[in-house]
Amino acid sequence: MDAPNGGPPPRRGVPPTPVPPVPPVPYTPPPPPPVTGHVLAPAPVRRRPSLAMGAIIGASAFIAVMSLLAGIALVSYTVNGANADSGEPALRDLLHTGTFPDPPPLRTTVSDNPFYALKAPAPIECEVPDIDPASKRSWEAFSAEVGPCLDRLWEPRLADAGMPSDKPTFKVLAEPPDDWSDGPQGQGMTLAFYDSGEQTINVLMPSVTDLADTLPEADEGVWAALLAHEYGHHVQNRVGILERAYDNESEASSRKVELDSLRRTELQAECLGGVGIRGFGGFDATAARTINKLLNGGGDLESHGSSRNRQHWFLQGYKLDTMQSCNTYTAARPLVR
Ligand SMILES: [Zn+2]
């Protein structure tokens, strides 16, 4: 998606993060945007797009290493939210139009959003199909079934809250985008990413193929969780949390503060991934624990949280009653390390 007025788009990328056994490395720049033509600053320099354009640019990615570790990163840009009870433009209206009033309403925050009052989505009947993760065609078939399941899971609940229906599309990429970079070698690989500008969930075949070699055969739950996590970013996008997170990161006073914000956003997506796994209806608690271990049992990720915390939030999502239980932004610091 081109940046409005020809300027570089504000993007958040996936900071290729250090993962064990690789020694900790300094914070690294996000990868290039998933759309050609974007130029990404070496540091997460973010600029607002033209408000008139309501441009939404962003990306989220799921990073994994071969030690059965998967991490996630995200950055995003989305239209603004508003307090529907304040007399200001309703969140749904802003999301519909994609434009900001002047000045934009700033009543919602990452931790104070009508989204958190929603009850957990009711589980649906969705049989997650088998998948050959080394086959692009199989991935396309898989996402063509799992994607609508996630739509069915989330859309009714979002509609209850007056959020507009706007389903993401799924893409399976044989190769990373031309300007994509996973960062320094040995720091992991990006399995999938969410582009909040185009609202696409993109799966990267080279990465998922590599990771598949390390997983058990019956691993469709892991791949479903991967898509559910990315869909979680779409939900964050729809309700306006992502933009607030983006603001917080861009305004952070230090890298430490920025990473704290990023981790909370990623861990929330992990929580929403847990919501998705329960929502499919076919994964019992034992299956969920297995998926969680395979997905989050690896090393700690500076930008994504510790393995322990990633597992905590995934299970939190699996068992929650209201979305408030996924409010990582109010969580005690030890839970978002
Ligand atoms: Zn993510």
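Let's start with helix α4. It has 20 residues and reaches 28 Å from its first C-alpha to its last, close to the 28 Å expected at 1.5 Å a residue. The expected span is 1.5 Å times one less than the number of residues. Helices here are DSSP runs of H or I, at least four residues, and strands are runs of E, at least two, both numbered from the N terminus.

A word on the source. This is a predicted model, where local features need pLDDT of at least 70 and side-chain atom pairs count only at pLDDT 80 or more, while totals for chains, interfaces and linings use all residues. Residues are numbered from 1 along each chain as its sequence is written, and side-chain values use heavy atoms, with hydrogens and water left out.

Back to α4. How many of its residues are buried? The count is 20 of 20, so α4 is mostly covered. Buried means under 20% relative accessible area, exposed means over 50%, and partly exposed is in between, with a 1.4 Å probe and protein chains only. Just after α4 comes G240, with a positive phi of about 90 degrees.

What does α4 cross? Helix α7, residues 285–296: the two axes come within 9 Å and cross at roughly 70 degrees. Axes are lines fitted to C-alpha atoms, for helices over the stretch in contact, and angles run from 0 to 180 degrees between N-to-C directions. α4 and α7 are therefore roughly perpendicular to each other. The cut-offs: under 35 degrees is roughly parallel, over 145 roughly antiparallel, 65 to 115 roughly perpendicular, and the rest oblique. The crossing of α4 and α7 is right-handed.

Now the metal. Which residues hold the zinc ion? H229 and H233 each coordinate through NE2, and E266 through OE, at 1.9 to 2.2 Å. Donors are N, O and S atoms within 2.8 Å of the metal, or 3.2 Å for Na, K and Ca; water is not among the atoms, so sites may look incomplete. Along the chain, the zinc donors follow the spacing H-x3-H-x32-E. Distant parts of the chain are linked here: H229 sits in α4, residues 220–239, and E266 in α6, residues 255–280, 37 residues apart. Both H229 and E266 are buried.

That brings us to α6. Its 26 residues should span 38 Å at 1.5 Å a residue, and its end C-alpha atoms are 37 Å apart, which agrees. Of those 26 residues, 22 are buried, so α6 is largely enclosed by the rest of the structure. G281 follows α6, with a positive phi near 90 degrees. L272 is buried, at 0% relative accessible area. From L272 to F314 is 42 residues in sequence, but 7.3 Å in space, C-alpha to C-alpha.

Next, the partner of α6. Helix α5, residues 241–250, has eight of its ten residues buried, so it is largely enclosed as well. Among those buried are R244, Y246 and D247. α5 and α6 pack at an angle of about 160 degrees, with axes 8 Å apart. They are therefore roughly antiparallel to each other. α5 passes α6 in a left-handed crossing.

On to the rings. The structure holds five aromatic pairs. In one of them, the rings of W139 and F142 have centres 5.6 Å apart and planes at 85 degrees, so the pair is edge-to-face. Rings of Phe, Tyr and Trp (its six-membered ring) pair if their centres lie within 6.5 Å; planes under 30 degrees apart count as stacked, over 60 as edge-to-face, the rest as tilted. W139 and F142 both lie in helix α2, residues 136–160, three residues apart, about one turn of the helix. Both are buried. Elsewhere, ring pairs link F115, Y116 and W154 into a cluster.

One backbone point. Most residues other than glycine have a negative phi. Q199 has a positive phi of about 55 degrees, although it is not a glycine. Where is Q199? In the loop between β4 (189–195) and β5 (200–204). Q199 is buried, with a relative accessible area of 10%.

Last, the whole chain. There are eight helices and five strands. Along the sequence they run β-β-α-α-β-β-β-α-α-α-α-α-α. Of 337 residues, 60% count as buried.

Note on methods: A crossing is left-handed if the near helix is turned anticlockwise from the far one by less than a right angle, and right-handed if clockwise.
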